[in-house]
Amino acid sequence: MNFQLEIWRQDSRDQPGRFETKHVQDVDGEASFLEMLDTLNEDLVGKGSRSVAFDSDCREGICGMCSLVINGMPHGPNQVTTCQTYMRDFEDGSTIYVEPFRNNAFPVVRDLAVDRSAFDRIIESGGYVSVTTGPQPDPNSQPVTPEVHQTVMDAAICIGCGACVAACPNGAAMLFTGAKITHLNNLPQGQPERDERARNMVHQMDEEGFGGCTNFGECSRVCPQEIGIDVIGMLNREYRRASRTKKPSHPKKMVAQ
Amino acid sequence: MPAHDVLIIGAGLAGQRAALAAADAGASVAILSKVHPVRSHSVAAAGGINAAINPDDDWRSHAFDTVKGSDYLGDQDAIEIMCSEAPGEIMHLEHIGVTFHRNDTGHLDLRAFGGASMKRTAYVADITGQAILHVLYEQLMKYSDRVDRYEEWFNTSLLKDDSGRCVGCVARNIRTGEMRTFNAKSTILATGGVGQAFKPTTNGLICTGDGMSLAYRAGARLMDMEMIQYHPTTMTANGFLITEGARGEGAHLLNAAGERFMEKDAPNKMELASRDVVSRAEQREINEGRGTGPLKDSVLLDVTVVPKNRVLEALREIVNLGRDFAGIDITKEPIPVRPGQHYTMGGVKTDVNGETDVPGLYAAGEVACVSVHGGNRLGANSLLDTLIFGKRSGQHAAAVAGEMQMPKVSDAQLRDDTRHIQDIINRPKTGRRISEIKEELGVSMNQYCAVFRDEEGMTKGKEIVTRLQEEAKTAYIDDAGTVFNQDVLGALELGFMLDCSEAIVTAALERKESRGAHSRTDYTERNDEDWLFHLTVSQDGEGADAPAKLDKAPITFTQWEPMERTY
Ligand SMILES: Cc1cc2nc3c(=O)[nH]c(=O)nc-3n(C[C@H](O)[C@H](O)[C@H](O)COP(=O)(O)OP(=O)(O)OC[C@H]3O[C@@H](n4cnc5c(N)ncnc54)[C@H](O)[C@@H]3O)c2cc1C
Ligand code: FES
């Protein structure tokens, strides 16, 4: 298969970017999208030009590192991670646009690699269980019903890739934050800080410059882990409940370097 | 210059657990990782984590299974510690929000795993590593006032002072190219394994043995390096892992004739024998012409015998893997698999507190060799290893740091490393490419240091590694930039992998017997009389070119004498 690629190149965060045209020939349909880029990079290096920077690690859809917008869709045409996208899914001879995940809160590091530390700061604001002292109760003394367990699991499965943000016309991080809240606020261990968590995480989401949700549902449609839009409902409920109780208190912020 | 009580290199499960333990003990902590912490390779762990939490179970039984699984090469004092501390650690994880699978009554559920005498693997569907890693990361956030995170920083060397103590490291900021010296009272390596020296492997691109090589260069001994685990079920299509949980749920292994060949090798445990045993059986079937597929290079994993609703509930990730990567619905048809490189049992030699030969330097997780896995690691014991010894290293390092002044460091190493990187960038484009050398290394290691080994093959393997080490010195890259220069990192990682490969082949050639994962066709039996000890490899002298030196180290026995191993 042959393709024309329009690839976003940007030397660093502060420099302007541009699309560059590259041609790839004799691509195996069974090659993954990232393998195709590996081959392109080999080629570029062979010719003495700079390879295209992009993120990836596990290449089996679990680490959440790969992050391309392919033909306008975060992670490409199918609802899987970029590393699980195959060349057979594209029409032979077509032009493919490759861009980084775009959002004000995710600045480009180089080419197709972006900085997603805004997500970390959302977690830092309260996305954890903080009870650490005292004897730990046997988990079996706090049974979790299969229904609750399923709800929690369906949210805890988030890999933090950020496709939800890249897909949202408003650049909202509600699916990500909703998944965290659904995970922790449904568990017995997560109860003590339930309200504070919802308040602080929502506040941090705003601080980072993520937009608000207006119910397009794009986030859930591109989520490779198929996290349902209902986690946003849960987030809204938890936030409303929390707002009735107390004003936000913001823990000290710390910078990842 | 950043200065901390405890510096942790690596932010997988071992590194994060160490950071939390050190912070809990009141230390100031820096944790440095070449990728964002939740992308660390621990995220890929699927099947689960072992602990004797069932009321009918006992940690001694877990310990015995581990000793037997190790083919009596594991150190029994360390194994006892790991297994006895396991239940408490699971409780702790559950407590901070890990959603371990619950059964219909809402209580913790356990699954069967290879080499275990009863069900003792706690799991989160088949995303156990991801679930634990994300929750630990949340905890790390909680300590953000005490833990400084250096994400996307690449460690280039360890620092030692005049007394030989490790006093920190030098690292490169991947995003900007800035080089920095990190000063610390104690340094913990938690950099994971070296799977990328093999091709194919189930390990991610970042598993390049950096820490093993760094410690080796700093004078520490590596131990049990000949013990490389081949996992029995990696997809023939692309080398991806299918968790042992599949066999734990009851899946069968079949040869071309449809026979459950494990009957011959492990009449009792069948598919759930130790991994070395199952991988050998599969390889034998393939070598003797009973393999399936166009190249007859596979056997079949039949998941269709597991009830479909159970597959969808407990193995959902591999249903997706089969569908996306092999175009197979595993609930309807068997999937071709074969043994594939998976885990490094060996690593930097440590004691039960994670201390290495170099004062002030600790190691924990896959980079370390305590040794709890000996000749063969049991499935679901590795996550446990990372957590227990990560925790212990963190605690010990913090305690030591509490009693000392910040040691002095000089900038000499920083200048050396900066110059070295510039040299790599300036190399003329006449040598080989990094990626070519890496490819040849991977293919060769997989050919000569695989499930079955012999003198002739390993000698060839060693020659190749030696030649590649030479070629790597002139291998060139193209990116001369500072921002996100992945080529420079690739060149450094290649050097790390070559060090580790040298240690692997050297030790493997030396051990003239078959034990655990080290199975020789020219010495087919285990020989306790002559080989019941660990092999260590260290650098003979200083400098990158120093040859490898072999030594023996005793195995610690507490309660279990070596016996014949049957499953
Ligand atoms: C596919 C797969 C499935 C598995 N399933 C299971 C299972 O079910 N149960 C089980 O017990 N075990 C399992 N294992 C094994 C287990 O996952 C690993 O052994 C374990 O997670 C290793 O953890 P770690 O913390 O030692 O290292 P890793 O998680 O690999 O982390 C290494 C860290 O070091 C950092 N690092 C490395 N080099 C540098 C450098 N030069 N500079 C800075 N940072 C660096 C990395 O960024 C990373 O943060 C599985 C392994 C694989 C590959
Ligand atoms: S590279 Fe890990 S999810 Fe794609």
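User: What area is buried between domain 1 of chain B and domain 2 of chain B, and what percentage do carbon and sulfur atoms give?

Analyst: Please note that this is a predicted model. Buried area is the accessible area that two parts lose on being put together, summed over both. Here, about 1600 Å² is buried between domain 1 of chain B and domain 2 of chain B, and carbon and sulfur atoms give 48% of that area. R111(B), D126(B) and T202(B) supply 28% of what domain 1 of chain B buries against domain 2 of chain B, more than any other three residues.

User: Which side chains meet in a salt bridge with R111(B)?

Analyst: A salt bridge requires a side-chain nitrogen of Lys or Arg within 4 Å of a carboxyl oxygen of Asp or Glu. The side chain of R111(B) meets that of E249(B) at 3.1 Å, N to O. The count between these two domains of chain B is one salt bridge, and nine residue pairs are in polar contact across their interface, both residues at pLDDT 80 or more.

User: How many salt bridges are counted between chain A and chain B?

Analyst: The count is six salt bridges. One such pairing joins R149(B) to E124(A), at 2.8 Å from N to O. On the side of chain A that touches chain B, α3(A) gives the most, with seven residues. That side has 33 nonpolar, 22 polar and 17 charged residues.

User: What is the extent of this contact, in residues and in area?

Analyst: Chain A contributes 72 residues and chain B 67 residues. The buried area is about 5900 Å², with 52% from carbon and sulfur atoms.

Terms used
Residues are numbered from 1 along each chain as its sequence is written. Chains are lettered from A and ligands numbered from 1 in the order in which they are written. This is a predicted model: local features need pLDDT of at least 70, side-chain atom pairs count only at pLDDT 80 or more; totals for chains, interfaces and linings use all residues. Side-chain values use heavy atoms; hydrogens and water are left out. Contact means heavy atoms within 4.5 Å. Buried area is the accessible area (1.4 Å probe) that two parts lose on being put together, summed over both. Helices (H or I, at least four residues) and strands (E, at least two) are DSSP runs, numbered from the N terminus. Ala, Val, Leu, Ile, Met, Phe, Trp, Tyr, Cys and Pro count as nonpolar, Asp, Glu, Lys and Arg as charged, and the others, Gly among them, as polar. A polar contact is a pair of N or O atoms within 3.5 Å; within protein, one must be able to donate a hydrogen and the other to accept it, and residues adjacent in sequence count only if both atoms are side-chain atoms.
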